[in-house]
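Look through the sequence and the model below.

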Amino acid sequence: MMQNSGCVQRSITVLGATGSIGTSTLDIVARHPERFRVEALTANGNARKLAELAIRFNASYVALSDPAHFSILQEALNGTGIECAAGVEAVTEAARRNSDMVMSAITGSAGLAPTMAAIERGSKILLANKEALVCAGELMKKAVLENRAVLLPVDSEHSAIFQVFDDKGRSGIHSLVLTASGGPFRGWTAQQMKAVTLKEALNHPRWSMGAKITVDSASMMNKGLELIEASYLFDMPEDRIDVVVHPQSIVHSMVNYIDGSVLAQLGEPDMRTPIAYAMGWPERLRTPVEPVSLARLGQLTFEEPDEKNFPCLALARQALRAGGSASVVLNAANEVAVDAFLNERIHFLDIASFVEDALASIQPGACSSIDEVISLDREVRNSVKACIKA
Ligand code: NAD
Ligand code: MG
């Protein structure tokens, strides 16, 4: 629809609307009402917040994954005319509804089926849900091509690379460099991390994010998942993706070119920048994020990652090199272990141990369909859950 400001209004569906990425996405929508209209919103269990957002943004449809809270949603939306539904299939239905773009911001492999549904109808996908790509990278990319969908990265590192990646001059690209903040335990030894509390792990020094990704950042598994994500998004082998620790989180990642040039994207650590970049692409949208003042910052520092005390990064490299569905095993084991840590049933260092054991004991075959990915994901989850209980 043409608005009087002259720009085209686009519809957006936000999967995981109540989360950290979801609410930042809606913040951008609220700042550009002439450009965006909300089609559908989804959440897992927070019915009250979902209803509040649906009313505020005048969504057409909302879906709650967990049916246990559906009556709260129904009651809150009574008389608004907003259609609502509950259950896993209702969330996928939200992704199927006609919208120009879908923000994929559900945490974990639970986001895979709805993201695929949006790809299959040829939508523009703004991908925050890295676990989906880690589990089904090849299948997702194939579906994007077949359905003429558009896949745009939202993860800050991948958005940075996307912004400085010369796709037409690929032969000039030497390698990618992902930056990592190092998380709250940067510089700690395994011995020091033995007794870390949940509160300490959730205290990220630079970014404010959902609980699962915050724990992944503390263990460096987040960088491992991002390495796999980068490999799929930019078609790069594992040995051409480096990681450098950069505690200030100002340089969001870099591309090394064969002539010695290094192109990087810089910005304050605020996800509204990469979210707005994906939402507006190929145009840029105004956000409240101020440009970085290098003089005020004074210095930016960089160091090698400590793979000995943070084994998750090496485990992710191992899974990516192994190929096939090893990444499904890595991701599922990590999701279950992080959930157990968040519920204070295992120690922080056990997360890496459960992932390592799963990679060693489960023989992943090739997954040739999304159903096979989902089935392997379930098998690994059950196996790791049984190990945690034992
Ligand atoms: P979050 O925990 O704040 O929000 C997750 C959202 O997904 C919520 O709306 C929740 O209701 C929904 N959800 C959770 N489990 C679900 C399930 N099983 N079924 C349906 N819906 C479910 O998480 P977040 O920090 O916003 O992260 C979302 C995704 O974006 C993750 O994949 C994360 O790795 C990625 N990401 C986040 C950030 C960040 O800054 N937060 C940065 C880069 C990438
Ligand atoms: Mg990131």
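Aromatic rings of Phe, Tyr and Trp (its six-membered ring) pair if their centres lie within 6.5 Å; planes under 30 degrees apart count as stacked, over 60 as edge-to-face and the rest as tilted. By this rule there are 6 aromatic pairs. In one of them, F165 and F234 are tilted, with 5.1 Å from centre to centre and 35 degrees between the planes. This pair links distant parts of the chain, 69 residues apart: F165 is in the loop between α7 (156–164) and β8 (173–180), and F234 is in helix α11 (residues 221–234). Helices (H or I, at least four residues) and strands (E, at least two) are DSSP runs, numbered from the N terminus. Both F165 and F234 are buried, where buried means under 20% relative accessible area, exposed over 50% and partly exposed in between (1.4 Å probe, protein chains only).

This is a predicted model: local features need pLDDT of at least 70, side-chain atom pairs count only at pLDDT 80 or more, and totals for chains, interfaces and linings use all residues. Residues are numbered from 1 along each chain as its sequence is written, chains are lettered from A and ligands numbered from 1 in the order in which they are written, and side-chain values use heavy atoms, leaving out hydrogens and water.

Next, helix α16. The buried residues of α16 are I351, A352, F354, V355, A358 and L359. Seen down the helix axis, these residues fall within an arc of 165 degrees (taken from the directions from the axis to the C-beta atoms), so they line one face of α16. On the other side, A360 and S361 are exposed.
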